[in-house]
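This report looks at a predicted model.

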Amino acid sequence: MHSHKRKYVTKAIVLSMTKYASCEKKNLHINQLREKGKYDTIKTLKLYVKGVVLMELLEELRELGVKVDEGLKRLGGNATIYKKMLGTFVKMMKNYSCQPDFDAEEYEDIIEKAHAIKGASGNLSLTPIYEAYSEIVNLLRKQQPEQAREILIKVLPVQEKIISAIENYMGNKQ
């Protein structure tokens, strides 16, 4: 008969596992562990911390104008699938980036890339990106490249913040 020893959680383990959370959140996790005694094994704590960190990502995306709840609803409320799709979006953006210094010869290529970004961001309810690229596609199709360029210049910093938040959550594994 095997005796299974439980590995109990120490304060150092909690701090190391919550390295992605803010200092304020770390203290909250430790206090919750002490008060509730709920997370007594490392495995249970890992699941808890992953959930907290994911919720922090979703909150950060909300602050950037992403309609997270809408995106989750499209995926049946499954946060795990939403997380995977966000990772896929980041990978796609590495191949489909649009730069504001495009010229008339690149219209078709830029329209194609902008249309792909519009669709992917719309499916995930990455609202600021979706709305900007919708307008960019429409303006380029109307042969209004300067107006499209202005919108692209405005959305790129927001787009970068959204992508950066996702990459930080994913541990830069993209």
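## A pair within helix α3

Glu59 and Arg62 sit three residues apart in helix α3, which is about one turn of the helix. Their side chains form a salt bridge, at 3.5 Å from N to O. Glu59 is partly exposed, at 38% relative accessibility, and Arg62 is also partly exposed, at 30%. Together with Asp69, Glu59 and Arg62 are linked in a network of salt bridges.

## Other salt bridges

The whole structure has six salt bridges. One of them joins Glu167 to Lys94, with the closest N and O atoms 3.0 Å apart. Glu167 belongs to helix α8 and Lys94 to helix α5, so this pair ties together parts 73 residues apart in sequence. Glu167 has a relative accessible area of 15% and is buried.

Helix α8 also holds Arg149 and Glu146, three residues or about one helical turn apart. The side chains of Arg149 and Glu146 meet in a salt bridge of 3.1 Å, N to O. Arg149 counts as buried because its relative accessibility is 17%, under the 20% cut-off. Glu146, at 46%, counts as partly exposed.

## The nonpolar core

The largest nonpolar core contains 42 residues, and Leu61, Tyr82, Phe89, Leu126 and Tyr133 have the most contacts inside it. At least two residues of this core come from each of α3, α4, α5, α6, α7 and α8. The largest share, 11 residues, is supplied by α8.

## A negative surface patch

Asp101, Asp103, Glu105 and Glu106 form a negative surface patch. Asp101 is located in the loop between α5 and α6. With a relative accessible area of 65%, Asp101 is exposed.

Key: Residues numbered from 1 in each chain as written. Predicted model: local features only at pLDDT ≥ 70, side-chain atom pairs only at ≥ 80, totals over all residues. Heavy atoms only, no water. Patch = residues over 30% accessible without salt bridge, like charges linked within 9 Å, V, L, I, M, F, W, Y side chains within 5 Å. Areas by Shrake-Rupley, 256 points an atom, 1.4 Å probe, with all protein chains shown as cover. Salt bridge = Lys/Arg side-chain N within 4 Å of Asp/Glu carboxyl O. Lys, Arg positive; Asp, Glu negative; His and termini not counted. Charge placed at Lys NZ, Arg CZ, Asp CG, Glu CD. Helix = DSSP H or I, 4+ residues; strand = E, 2+ residues; numbered from the N terminus. Buried < 20%, exposed > 50% of the residue type's maximum accessible area, 1.4 Å probe, protein only. Core = buried A, V, L, I, M, F, W, Y, C linked by side-chain atoms within 4.5 Å.
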